[in-house]
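Please consult the sequence and the coordinates alongside the text.

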Amino acid sequence: LLLAAVPGIFHHVTDASVAASASANTNWGLSFQEEGKTPVGNASAASLKQYDAYYAGDPSQKTIYLTFDAGYENGNTPVILDALKKHQAPAVFFVVGNFISDNPDLIKRIVSEGHIVGNHTVHHKSMPTLSDRDNKQEIIDCAEYCKEATGYEMDHFIRPPMGEYNEKTLKLTKSMGYKTIFWSMAYVDFDVNKQPGKQYVVEHFKKYTHNGAIPLMHNVSQSNAEALDEVITNLKKEGYQFESLKKLSSY
């Protein structure tokens, strides 16, 4: 299952209202207006917060919340986990059904090393195209598969597949006790045949990291696996602290 979860990452927006997307199929998008500052999302932090949805943390705090979307395993996740363990940097891995069934031991390692396993739905379908009933089943089944395969109760954080959402889906996930997590940094890293390269990743973080950043990365990326140690090292030197989503604060 290939995850195309970064559509619209450099999308320039004018309407920041969640309500405007109440029935539309909306891709999460960002406008980078000033280097080193929180980008502007196509829904404001305040409008998202009412649905327990976030794309960045407090801009006054030098914190970073690492997130990975995990659709399948190709050998890079253990390398990523090694780098996280070396630096004692927490992360969240948003997983789909087949990743759980194919990699229960890897999920157990993720949990045992202090990371969060989040819900990315079972089949990675666009949530706005499904009924409330089907969306609920996608979310419930993903959590139940995790429990059955690993004995682990999945944490109540969700990332909508492909970043596609509307007001209706945000209301639904909130009603189920989930916090929806978008992102404030991303790049095209999910195509294993067109990797950006280690240095691109390192430079991207140097340029786009900001206070309260929530970077989106994919676990299948060789570039991420090769770069993560250096990325974390560089950001620590700049005074950034890596925090768990459980400590996420919004503004």
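The points below are grouped by topic. This is a predicted model, in which local features need pLDDT of at least 70, side-chain atom pairs count only at pLDDT 80 or more, and totals for chains, interfaces and linings use all residues. Residues are numbered from 1 along each chain as its sequence is written, and side-chain values use heavy atoms, with hydrogens and water left out.

**Aromatic pairs**
- A search of the whole structure finds eight aromatic pairs (Phe, Tyr or Trp rings, the six-membered one for Trp, with centres within 6.5 Å; planes under 30 degrees apart are stacked, over 60 edge-to-face, the rest tilted).
- Phe32 and Tyr208 form an edge-to-face pair, because their ring centres are 4.9 Å apart and their planes stand at 65°.
- This pair joins distant parts of the chain, 176 residues apart: Phe32 is in the loop between strand 2 (30-31) and strand 3 (40-41), and Tyr208 is in helix 7 (residues 198-208).
- Helices (H or I, at least four residues) and strands (E, at least two) are DSSP runs, numbered from the N terminus.
- Trp28, Tyr55, Tyr165 and Phe182 are linked into a cluster by ring pairs.

**Accessibility**
- Phe32 counts as partly exposed, because its relative accessibility is 24%.
- Val231 is buried, with a relative accessible area of 3%.
- Buried means under 20% relative accessible area, exposed over 50%, and partly exposed in between (1.4 Å probe, protein chains only).

**Surroundings of Val231**
- Val231 belongs to helix 8 (residues 222-237).
- Beyond its neighbours within four places in sequence, Val231 is in contact (heavy atoms within 4.5 Å) with Val201, Val202 and Phe205.
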